Amino acid sequence: MAKKEITSYELVDEYLKLLAGDYATAVAKVFEKKRKAITDEDILKKVPLKITEIRTILNQLHYRGIVCYQKSKNKKTGWYSYTWEMKPERIAEQILEKKTEELSKLRKKLETEANYTMFVCKNNCESYPFEIAAEYYFNCPKCGNPLEAIDQEKEKRKTEKIIKKINEELQDLEKHFNKTQNVGQSTGC
Ligand SMILES: [Zn+2]
């Protein structure tokens, strides 16, 4: 069975795009295919972007420690060239951290909503318990639309479904990394 690539996880795709834009996953895929340090020119051949756009993505990912580079000087031309590497374990770590936080927020939301009737506008700006909604005269303070009682059961099922999905994906991702953690192919830049 072929090993599942990290970029094939929905969570990873989502996270990379959040950090570095729509083409971030496409760039990450080039790293996965090559399985070694690559140059921005290598990426240029595979992704329909300008070199400056690719560099912007690399810099954004570098800022988060997801890619790193090594600089070397060409003895003939005297120019510097950069080779880049991806650190997939950093992606997993950051996602785990972010999603764990998100899960605890969702669980809190479930608890709160089980105890109170919540009110929200049609734009879903923010939900409020009865007392607060009444203070706003049942008009959303953000967009002005009427605040209406949320269908608790439906909301609960929806939140539970989201929690379940995140949990499954996280477990999948964790398993993936526990297996591959010791496969050190990094040169440690
Ligand atoms: Zn609103």
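**Close-ups: a zinc site and some aromatic contacts**

**View 1. A tetrahedral zinc site in a predicted model.** The 4 donor atoms around the zinc ion subtend angles of 102 to 112 degrees, and that makes the arrangement tetrahedral. Those donors are the SG atoms of Cys121, Cys125, Cys140 and Cys143, sitting 2.3 to 2.4 Å from the zinc ion. Read along the sequence, the donor residues follow the spacing C-x3-C-x14-C-x2-C.

**View 2. Cys125 and Cys143, a pair linking distant parts of the chain.** Cys125 belongs to the loop between β3 (118-120) and β4 (128-129). As for how open they are, Cys125 is partly exposed at 31% relative accessible area, and Cys143 is partly exposed with a value of 31%.

**View 3. Tyr69 and Tyr82, edge-to-face.** A search of the whole structure turns up 6 aromatic pairs, and one of the pairs is Tyr69 with Tyr82. Their rings are 5.4 Å apart centre to centre, with 75 degrees between the planes. Here, too, distant parts of the chain are linked: Tyr69 comes from strand β1 (residues 67-73) and Tyr82 from strand β2 (residues 80-86), 13 residues apart. Tyr69 counts as partly exposed at 35% relative accessibility, while Tyr82 is partly exposed at 36% relative accessible area.

Technical notes:
Residues are numbered from 1 along each chain as its sequence is written. This is a predicted model: local features need pLDDT of at least 70, side-chain atom pairs count only at pLDDT 80 or more; totals for chains, interfaces and linings use all residues. Side-chain values use heavy atoms; hydrogens and water are left out. Donors are N, O and S atoms within 2.8 Å of the metal (3.2 Å for Na, K and Ca); water is not among the atoms, so sites may look incomplete. Four donors count as tetrahedral if all angles lie between 85 and 135 degrees; four count as square planar and six as octahedral if opposite donors are over 155 degrees apart and all others between 65 and 115; anything else is irregular. Helices (H or I, at least four residues) and strands (E, at least two) are DSSP runs, numbered from the N terminus. Buried means under 20% relative accessible area, exposed over 50%, partly exposed in between (1.4 Å probe, protein chains only). Rings of Phe, Tyr and Trp (its six-membered ring) pair if their centres lie within 6.5 Å; planes under 30 degrees apart count as stacked, over 60 as edge-to-face and the rest as tilted.
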